[in-house]
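Trainee: Could you walk me through one part of this structure in detail? I would like to start with the core and what surrounds it.

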Amino acid sequence: MVRPTAPVDAVTARAYRVETDSPEADGTLAWSATTMVVAMVRAGGSHGLGYSYTDALAAGLIERVLAPGVLGRDAMDLAGIALALRAQVRNIGLAGLCATAISAVDVALWDLKAKLLDVSLLRLLGAARDSVPVYGSGGFTSYDKGRLQEQLADWVGGGIGMVKMKVGRHPERDVERVGWARQAIGDDARLFVDANGAYQPAQALRMAGAFAEHSVSWFEEPVTADDIAGLRHVRGRAPPGMAIAAGEYGYTDWDFHRLLQAGAVDVLQADATRCCGISGFLRTAALCQAWGIPLSAHTAPSLHATVCCAAAPAIHVEYFHDHARIERMLFDGMPPLDGGQIRPDTSRPGLGLALSGEADRYAIRA
C-alpha cells in the first residue's frame, strides 16, 4: 500500500443541541438538553469526522486555537499532531473544555486517516474482538417508578444483560428505587448504580451495604473521583462482588494514573470524547493493561464501539439513553445492537459515521 501524502487543509467545527425527551437528573446535576460539538478535518480530498459531548464554546476553540496546530501537517502523523494540539493549549490549560475540543479533533483525524487508507477504523487500529457488550444506562433520579422500571425492563427484554440507574439526589429514597429496579429486571440481569459523586465516604459505604441486598454489582462514583483517598476507602470496604468504578472525568493520562496508582477503582472508566480522543483512550487502555485493571467506556456508543473492540482491557460500553438517542438523530451509520453487543460496521471506511440530513435543524451558534 502506497502511503498517501495528505497535508491537512481545513479544520472546522459546529455545535448541535438536542433537547431531552423528558427532564433528567442524577445525583449532582439536572439538565434538559445535551450539546455535541462535531469537528471536521480535511486532507487529500477526504473528510474525517469526530465529536465530543461538551459546551458549544469548544467549536470556536477548535477553529481559533487548535486549527493552527493542525493545518499543513501530514494527516497520517497522528502522534505528532497530538503533541501539537497539547502545545496549542499550554497556556490555557488542557483539562476540561480544551481536552474535549482536542478529543473531537483527534477522533476526526483517526477517522480521516482510515479513510485515506480506505479501511475501517477498526482495521486500522487492529481488532481485539469484533463486538463488545453494552450496558443500558439511564434510570434518572427524575424518573418516577413507572418510567424507571419500563426503561430498565425494556433493555433487559431486548437482550441487554446489564443496566445502570442514577442514585444520590434523594438518598432517603435510593434503596427503595433500587428495589424497584431489581423488581423490574428480574434476578438474572446485572444491576449497576451511579451516584455521580453525590455521597460522602461513610454514607457511600452505608448505601453500598443496602444496595448489596438487591445484588448491585457495580457502584460508580460513590464519592467524587477528585477524592481519591475517599474512593480508595470505599473500594477497600465495599461488599464482596461490588465493583467500584470511576474515571469518566479523566482528561489527561495523569488523571488515570493517579486513580490506578492509588488502588482507588476495580474498573477504570474513560471517555474518548474527553480524554484527548482515541489517542488518549488507547493510552489509557495501555495503563489498564499495565495495572491489570479492566476498562469501561463512558457513553458515546457510536465511537466507543470501535475503540473498545480495539482495546484489549475493555469489558463494556455504556449505552447511555441520551447519547444513543442523539447519535441516531445526528448520524447515519450508528452501529446497531445485536443481543446485548454493539458491533462496528467494518464495511465502511473510517468510523463509518456521517452527519444525517436532519442534523442541521439542531445546529446552534457557539
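Mentor: Happy to! The largest nonpolar core has 127 residues, and those with the most contacts inside it are Tyr 51, Ile 62, Val 105, Phe 211, Phe 219 and Phe 281. Helix H3 gives the most to this core, with 13 residues. A nonpolar core here is a set of buried Ala, Val, Leu, Ile, Met, Phe, Trp, Tyr and Cys residues joined through side-chain atoms within 4.5 Å, where buried means under 20% relative accessible area with a 1.4 Å probe, protein chains only. Bear in mind that this is a predicted model: local features need pLDDT of at least 70, side-chain atom pairs count only at pLDDT 80 or more, and totals for chains, interfaces and linings use all residues. Residues are numbered from 1 along each chain as its sequence is written, and side-chain values use heavy atoms, with hydrogens and water left out.

Leaving aside neighbours within four places in sequence, Val 105 is in contact (heavy atoms within 4.5 Å) with Ala 39, Val 41, Ile 62, Leu 66, Val 70 and Leu 85. A second, separate core of 7 residues includes Met 162, Ala 243, Ala 245 and Val 267.

Now look at Thr 100, which lies in helix H3, residues 97–116; helices are DSSP runs of H or I, at least four residues, numbered from the N terminus. Thr 100 is buried, with a relative accessible area of 4%. Not counting residues up to four places away in sequence, Thr 100 touches Ser 52, Thr 54, Ala 58, Tyr 251, Thr 273 and Arg 274.

Methods. Helices (H or I, at least four residues) and strands (E, at least two) are DSSP runs, numbered from the N terminus. Buried means under 20% relative accessible area, exposed over 50%, partly exposed in between (1.4 Å probe, protein chains only).
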